[in-house]
Amino acid sequence: MEQIYPEKQDKCRLVKAKPETVEFLLQYSKSLNIVNHKGIKFENNLN
Amino acid sequence: MQLPAEDPILVQNYISGDEKALEILINKHNQRITSFIYSKVLDRAIAEDIFQDTFIKVIKTLKRGAYNEEGKFLPWVMRIAHNLIIDHFRRNKRMPKFEGSGDFNIFSVLGDDKLDAERQLIKDQIENDLGLLIEELPDDQKEVLIMRMYRDMSFKEISENTGVSINTALGRMRYALINLRKIIDKNNIVLTN
């Protein structure tokens, strides 16, 4: 019979990034400030 | 019932300064992107790292105003994730590592259970101090304790060797330990490793 399932079942696992990772990204986004001055973009991380 | 906002609206809101829009976008696509990354790297921790790096790039691009793929947010994020996955494999190819196969892990065979030099010195010092404390015990208690702890003899063997009953040998061992604790407390000796 034809093998219709994947060789590695684990490949199909549904996973989600941890809430801590999401929280880190949200905090990172809030702290990141990009200023455009005379066509040059400056990145500031306001911790 | 309120319908969930579409990606282009959320992206636009985020660019305009609405941080909540980013939270919605991340939560909306979290499972799909993480599962995609995981299906390639097959490692939960690495998938998590790549997911994080992907969104750091997304955040930077959006905040810089460099995003120009209106209406195609998810494919754009997936492409960033895909590129980071390729970077990950390129890095690993440059630095090959042996991971074993299946259930076999080489490090379970090569494990080093020896103490480091400092801990070995402390252990030697403790054993030396304990030896001096045992010398302070009455002879009958000292004899039982040495047979039990250093020669690993059973209480039956101790009773046969010392000519006392097993109960007496047990009692002497008990008093030996009580007296050792008393000496340790009295002299404020610290025996730890």
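Hi everyone, let me start with a pair of helices: α7 and α8 of chain B are oblique to each other. The angle between α7(B) and α8(B) is about 135 degrees, and their axes lie 10 Å apart. The crossing of α7(B) and α8(B) is right-handed. Please keep in mind throughout that this is a predicted model.

So which residues meet where α7(B) and α8(B) touch? On the α7(B) side we have B:E143, B:V144, B:M147 and B:R148, and on the α8(B) side B:I158, B:N161 and B:T162. Sorted by class, this contact holds 3 nonpolar, 2 polar and 2 charged residues.

Now look at the loop joining these two helices. α7 covers residues 139-150 and α8 covers 155-162, with B:D152 in the loop between them. B:D152 is not a glycine, yet its phi is positive, near 55 degrees. As a reminder, most residues other than glycine have a negative phi. Is B:D152 buried or exposed? It counts as exposed, because it has 8 C-beta neighbours inside 10 Å, and the limit for exposed is 12 or fewer.

You will find B:L42 in the loop between α2 (19-41) and α3 (44-64) of chain B. B:L42 is partly exposed, because 13 other C-beta atoms lie within 10 Å.

Among the contacts in chain B with a separation of 6 or more, 56% are between residues 24 or more positions apart.

Let me finish with chain A, where I'd like to show you a hairpin. It is formed by β1(A) and β2(A), with 2 residues between the strands. The strands, β1(A) and β2 (residues 40-45), run antiparallel and are joined by 6 bridges. To pick out one pairing, A:I34 has A:E43 in β2(A) as its bridge partner. In the turn, A:K38 has a positive phi of about 50 degrees. And how many residues of β1(A) are buried? The count is 0 among the 6 residues of this strand, residues 32-37, which is hardly covered.

Technical notes
Residues numbered from 1 in each chain as written. Chains lettered and ligands numbered in written order. Predicted model: local features only at pLDDT ≥ 70, side-chain atom pairs only at ≥ 80, totals over all residues. Buried ≥ 20, exposed ≤ 12 C-beta atoms within 10 Å, placed from the backbone. Helix = DSSP H or I, 4+ residues; strand = E, 2+ residues; numbered from the N terminus. Pairing = 2+ DSSP bridges. Axes fitted to C-alpha atoms, helices over the stretch in contact; angles between N-to-C directions. Parallel < 35°, antiparallel > 145°, perpendicular 65-115°, else oblique. Left-handed = near helix turned anticlockwise from the far one by under 90°. Contact = placed C-beta atoms within 7 Å. Nonpolar A, V, L, I, M, F, W, Y, C, P; charged D, E, K, R; others polar.
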